[in-house]
Amino acid sequence: MINSIKSFRLLVLLALVSLTACAASTVEVQGSYPSPNVPPLPLTLGVYYSDDLRNYIYTELSDTGKEEYLVAAGNTHMELFNTVLPAMFSQVVVLNNPTEAGARGVDAVFMPQIDEFQLGMPQKTRLDAYEVWIKYNMRMTGADGSYVADWVMTAYGKSTQGNFTSAERGINDAAVAALRDLASNFSISFRAVPDIRDWLSRQQLQLSGN
């Protein structure tokens, strides 16, 4: 009986060790993002973060198809836009739902979305760096849901492998570099997006009373 109990405990221990060995490493991306130095538009912008963005997790698979790294990047994207957008608009309102836009008195609703996320690991790319590439779909509507603009943006970041003692740190810093790239390009190129430029032109006409 005692031998049976010992055998059972050993099996449980081996199972726990096996599960631990197979568990994927989770990287909760954390970073800081500078506020852009641009003249703010005299408009109130609503921003809606969908559940897909809030809860975004990228899964990196091993060569054998097992989950190797889980990169949770939703919160850090919200932190980035919550830093960048207030510098670009006179007022920013975070919406729980785009349908709130009219009642909240916003001029437009911005809805960022991650379309694609790629992670380059040194052991796979044979490069001395961790790399992150992200493709976004940026959408903006009027307060009534009408079309304003829909455009694609990409961001890229890398960190040198030799600077880090862990893969998790390398992945985090490459992701933060990609988001800083996004912040810079977004704030600089926003007014040059053709549909945004046209919308701003119409807003200026309304603002001037013409």
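**Reading the sheet, the cores and single residues**

A: Helix α6, residues 167-189, lies across β1 and β4 and runs at about 35° to β1. The model is predicted.

Q: In what order do the strands of the open three-stranded sheet come, and what is the pairing?

A: In general, the strands of a sheet pair through backbone hydrogen bonds, in either the parallel or the antiparallel sense. Here the open sheet has three strands in the order β1-β4-β3, and the pairing is mixed. The strands at the edges, each pairing on one side only, are β1 (25-28) and β3 (57-61). From one strand to the next, the twist averages 20°.

Q: Over how many bridges do β1 and β4 pair, and is the sense parallel or antiparallel?

A: The sense is parallel, and there are four bridges between β1 and β4, the latter being residues 67-72. As one case, S25 has Y69 of β4 as its bridge partner.

Q: How many residues are in the largest nonpolar core, and which have the most contacts inside it?

A: The general idea is that in soluble globular proteins nonpolar side chains tend to be buried together. In this model the largest nonpolar core holds 53 residues, and F110, M138, M140, W151, F186, F190 and I196 have the most contacts inside it. Two or more residues each are given to this core by β2 (41-48), β4, α3 (74-88), β6 (108-120), β7 (129-142), β8, α6 and α7 (194-207). Helix α6 supplies ten residues, the largest share.

Q: Which residues does M138 touch, leaving out those up to four places away in sequence?

A: They are F81, F110, M111, P112, A149, D150, W151, M153, L182 and F186. There is also a second, separate core of seven residues, with V93, A101, V106 and M111 among them.

Q: Where is A101, and is A101 buried or exposed?

A: Helix α4, residues 101-104, contains A101. A101 counts as buried because its relative accessibility is 0%, the cut-off for buried being under 20%. Beyond four places in sequence, A101 touches L95, V106, V109 and A143. The C-alpha atoms of A101 and G145 are 8.5 Å apart, although 44 residues separate the two along the chain.

Q: How should I read I134: buried or exposed, and with which contacts?

A: I134 is in strand β7 and is buried, since its relative accessible area is 0%. Apart from neighbours within four places in sequence, I134 is in contact with H77, I114, E116, F117, M153, T154, A155, A178 and L179.

Q: What span does α3 reach, and which of its residues are buried?

A: Helix α3 has 15 residues and reaches 21 Å from its first C-alpha to its last, close to the 21 Å expected at 1.5 Å a residue. Its buried residues are G74, T76, H77, M78, L80, F81, V84, L85, A87 and M88.

Q: Is S159 buried or exposed, and what does its side chain reach?

A: S159 lies in strand β8, residues 147-160. Its relative accessibility is 7%, so S159 counts as buried. The S159 side chain reaches the backbone oxygen of G170 at 2.8 Å.

Note on methods. Residues are numbered from 1 along each chain as its sequence is written. This is a predicted model: local features need pLDDT of at least 70, side-chain atom pairs count only at pLDDT 80 or more; totals for chains, interfaces and linings use all residues. Side-chain values use heavy atoms; hydrogens and water are left out. Buried means under 20% relative accessible area, exposed over 50%, partly exposed in between (1.4 Å probe, protein chains only). A polar contact is a pair of N or O atoms within 3.5 Å; within protein, one must be able to donate a hydrogen and the other to accept it, and residues adjacent in sequence count only if both atoms are side-chain atoms. Two strands pair if DSSP finds at least two bridges between them. Axes are lines fitted to C-alpha atoms, for helices over the stretch in contact, and angles run from 0 to 180 degrees between N-to-C directions. Contact means heavy atoms within 4.5 Å. A nonpolar core is a set of buried Ala, Val, Leu, Ile, Met, Phe, Trp, Tyr and Cys residues joined through side-chain atoms within 4.5 Å. The expected span of a helix is 1.5 Å times one less than its number of residues.
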